[in-house]
Number of protein chains: 2
Amino acid sequence: MKIQKMKIPAILGALLLAGTLSAGAQMNSDSLYKEPYRPQYHFSPEKGWIGDPSGFMYYQGKYHMYWWGKVESTDLVHYQQITPYAMTGTDDNISYFTGSAVIDKNNTAGFGKGAYVAAYTVFEKDSKKQAQGISFSHDGKTFHYYEGNPVLDLWSTEFRDPTVFWHEPTQKWVMVVAKALEKKIKFYTSPDLKSWTWTSDFGPAGDSEKSWECPDLFQLPVDGDSDKKRWVMVVSVNWAQEQYFIGDFDGTSFKLMENHPAEPLYVDKGLDFYASRTFQDFDGTLDSKISMGWVATWDYAPVAPSKYGKGFWSIPRNLELKTYKEGVRLVQKPVEQLQTLRHKPASVKRALSVGTQRLPGFVPDENVYELDASFSTDVSNTFGLNLCVGEGRKVVVSYDTDSHNLVIDRTHCSDVQIPKFSRMAYARVEPVDNKIRLHIFVDKSSIEIFANDGKDVFTLLTYPGEAQTGIELFAQKKGTKMELDAWMLKSIWR
Amino acid sequence: MKIQKMKIPAILGALLLAGTLSAGAQMNSDSLYKEPYRPQYHFSPEKGWIGDPSGFMYYQGKYHMYWWGKVESTDLVHYQQITPYAMTGTDDNISYFTGSAVIDKNNTAGFGKGAYVAAYTVFEKDSKKQAQGISFSHDGKTFHYYEGNPVLDLWSTEFRDPTVFWHEPTQKWVMVVAKALEKKIKFYTSPDLKSWTWTSDFGPAGDSEKSWECPDLFQLPVDGDSDKKRWVMVVSVNWAQEQYFIGDFDGTSFKLMENHPAEPLYVDKGLDFYASRTFQDFDGTLDSKISMGWVATWDYAPVAPSKYGKGFWSIPRNLELKTYKEGVRLVQKPVEQLQTLRHKPASVKRALSVGTQRLPGFVPDENVYELDASFSTDVSNTFGLNLCVGEGRKVVVSYDTDSHNLVIDRTHCSDVQIPKFSRMAYARVEPVDNKIRLHIFVDKSSIEIFANDGKDVFTLLTYPGEAQTGIELFAQKKGTKMELDAWMLKSIWR
């Protein structure tokens, strides 16, 4: 849980309370999920604040997701909000911060066979202490505070966001948790989720100037080879980026792979992807690793102009490790199930004209669509797309074949003024086979760009006016060829 | 003095030593100041490292400048290096960090009437302590370490970069010095430069997440009215930006003006302007306030590929305060004396074509020139200049009339690879009278852009190949009119 000293818990508290109160109230179905800026194929709660993904698991044929509210999905496309608040049993002095959840199949903790156990940071409002606690549930919907909490306490105000998982080879529970200001990830093991033993620290490393939080640790095959697996550790960095490390984990400590770059590797190169977590598979039937992140940054999340439930999560991403010239890297792709939402398809194939033109053949009437565009890069040029064009505003997605930079300028995209919002995202994106492919998802107030088949991903917020639905193409020189497929996407809510 | 924990003093020491050793050696006049990337109208030392401007004064008809080496100038265009190292009298355990210098006209310190007194940070290599010390000189060229040093000691490892000046109304010396990690500027006063009394603290304020250092404090008229003066405090922020505050100073404490923005005000919006200092006028004959900064950042200064003296200073800037719609702001203009270097003038007046074209009529044979370009902004467009074009590389200077963003992309400008170098600078630059004016100085490895008559300044390094001297114009749409004057600038060294 990212927390801005004293400010955020209060806001969180108020918003969570608002969510709780609204749970039993009659929903206004005329306007719900039709509010300005409300994403149409991303999960956002009916009302109230949503924070970091917490307790992500696949169990009994369903994806379970908590932000200590709960949502479920069977297909990662449609979502059912189960409760706005799952936590019970403690007093007003305690806030539940980010964490994870497991199924205790063998009743190691004594809460019952197959109990849901959530592990999270217990924030004491008076002392500001952050310690780790657990709660248990028999239905996954109501969690009871464990009376022996906290289960792990360093008397620190900067110790948070545990990910707990079962490590099969050593037959132990593992907890990965951040010492934020020290830029360390601490590793603990436990036989019963209640008593924890410190085993090692990792860090500082990579991007270590600012606070570390929200660690996740999971295993992925390299190049699809399940005999060749590596562990990936994802660490969120104060407050708007995630870095990842690739290495090995033996149940007690994490070691970087040989030749790991000293420069940070970022999960997402946009401006608003944070605190992602992967699904733990308690059925053992998933054939891929999937993650979702919080689409926001603490720089402006509290003042974002959304009139609906405050905040949302990214579209689910399939994670892979692939070997490139420069080494093994994380690759992320939108889950294929999203394709079931496609309608009104269009295709455009042409050489780009010099200057700026409307995209022919695809004219969205709202910003709920998908573009899959491929541009040739063999001719020296600067080209790209303007999205959300209208009312004198736009989001500029620009690629330069000389510098190999993809630039996303959302400094002039919004019909509202938000402090610290006016920024650009940019990063080097290498062409593949003399092409740059931009797979773009636009959903009301968000843009997710999967470049180069998911090697480089850019997620960012935008707050266009309702009439800002135009799409333009531009190029500075002749000679760039483009192939583009486009679809409107159906709302999962209406 | 910016310092990266243990690393930099060692490098500094080695380079300063190199400078010292080379002082008496025969210069190779065939190659000196003709080295690759060596600026031709900026000051850089013959050999060795140059750091923050320190001890900047106007005295006896000359501009005196120290980096604890010394350079003098009579016109702020031509420079004479007096010595590569002015400091004497202490042992190897002491490094001289950034500071200032004054003329003690009334012999308050007892070193003699009219003695030069330098005040700087004494860095103890063994203890890492940073305290303030003084040295005195009778010729301004050789400074003697004061045996009573340090004169101000908080037993801190993060206390540095004093600016000392005489405050006429209170008849006291004032020292302004940074407590870096606390993001505070501390104020002290003294009758004799030796005993110092704490009077107040300022900060944290503005940009206060990272270390503060190199404070400067000076008075400027507002809108040219010398009856309406304000004080400006400039503070460098870890390690690549300077912010400034506008307010009042009574000899003991600095107070922000009413309605001072909470958001930081940055002196320079480029990537490489730091630690600037203004000239103190001991003759009382200057009619303007002038500053220079260090063109570098600690992110890559130690590994910059300059084959000449390591580093250089910006072109001198005239400082003003002006009232805008949003309030009083700092304005910086290149000193007019630089115009004496102009030759081979060219003028271009035309509507920009759609696409990318060579700039007609001005074809520099080396990157030592000045452009003064004005573009109309009444038509929606994205346009700009590519500088240092060649060998498939360029520096892109781009303006968008919708977002009002000026973007300088130097991610693909260099013929060398430098870690952390590949970045963009961008900031909002409001048009004036439906025009955007870009006054651009290119000098081998630097670009300084004074936008909007000096309201927004962008300084950045670039390391183009020798053949990268092209200039291009580009526009995405029709309708932008441009007027451009261009000059080659004479070298001050050859």
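**View 1. N381(A) in a loop of chain A.** In this predicted model, N381(A) sits in the loop that joins β26 (368-376) to β27 (382-390) of chain A; strands (E, at least two residues) are DSSP runs numbered from the N terminus. N381(A) is buried, its relative accessible area being 1% (buried means under 20%, exposed over 50%, partly exposed in between, with a 1.4 Å probe and protein chains only). Its side chain makes a polar contact of 2.8 Å with the side chain of T480(A). A polar contact is a pair of N or O atoms within 3.5 Å; within protein, one must be able to donate a hydrogen and the other to accept it, and residues adjacent in sequence count only if both atoms are side-chain atoms. Leaving aside residues up to four places away in sequence, N381(A) touches several residues, among them Y399(A), D400(A), Q476(A) and T480(A) (contact: heavy atoms within 4.5 Å).

**View 2. The two domains of chain A.** Chain A is divided into domain 1 (47-332) and domain 2 (341-487), with bounds from an automatic or database domain assignment. Their C-alpha centres lie 32 Å apart. In contact are 26 residues of domain 1 of chain A and 26 residues of domain 2 of chain A. The two domains bury about 2200 Å² between them, 61% of it on carbon and sulfur atoms; buried area is the accessible area (1.4 Å probe) lost by two parts on being put together, summed over both. In domain 1 of chain A, K269(A), L271(A) and Y300(A) lose the most area to domain 2 of chain A, together 29% of what that side buries.

**View 3. Polar pairs between the domains of chain A.** The rule finds four salt bridges across the interface of domain 1 and domain 2 of chain A, a salt bridge being a side-chain nitrogen of Lys or Arg within 4 Å of a carboxyl oxygen of Asp or Glu. Between these domains, 13 residue pairs are in polar contact (both at pLDDT 80 or more). On the side of domain 1 of chain A that touches domain 2 of chain A, β22 (317-324) and β23 (327-334) each supply at least two residues. β23(A) gives the most to that side, with three residues.

**Notes.** Residues are numbered from 1 along each chain as its sequence is written, and chains are lettered from A and ligands numbered from 1 in the order in which they are written. In this predicted model local features need pLDDT of at least 70, side-chain atom pairs count only at pLDDT 80 or more, and totals for chains, interfaces and linings use all residues, while side-chain values use heavy atoms, with hydrogens and water left out.

Conventions
Helices (H or I, at least four residues) and strands (E, at least two) are DSSP runs, numbered from the N terminus.
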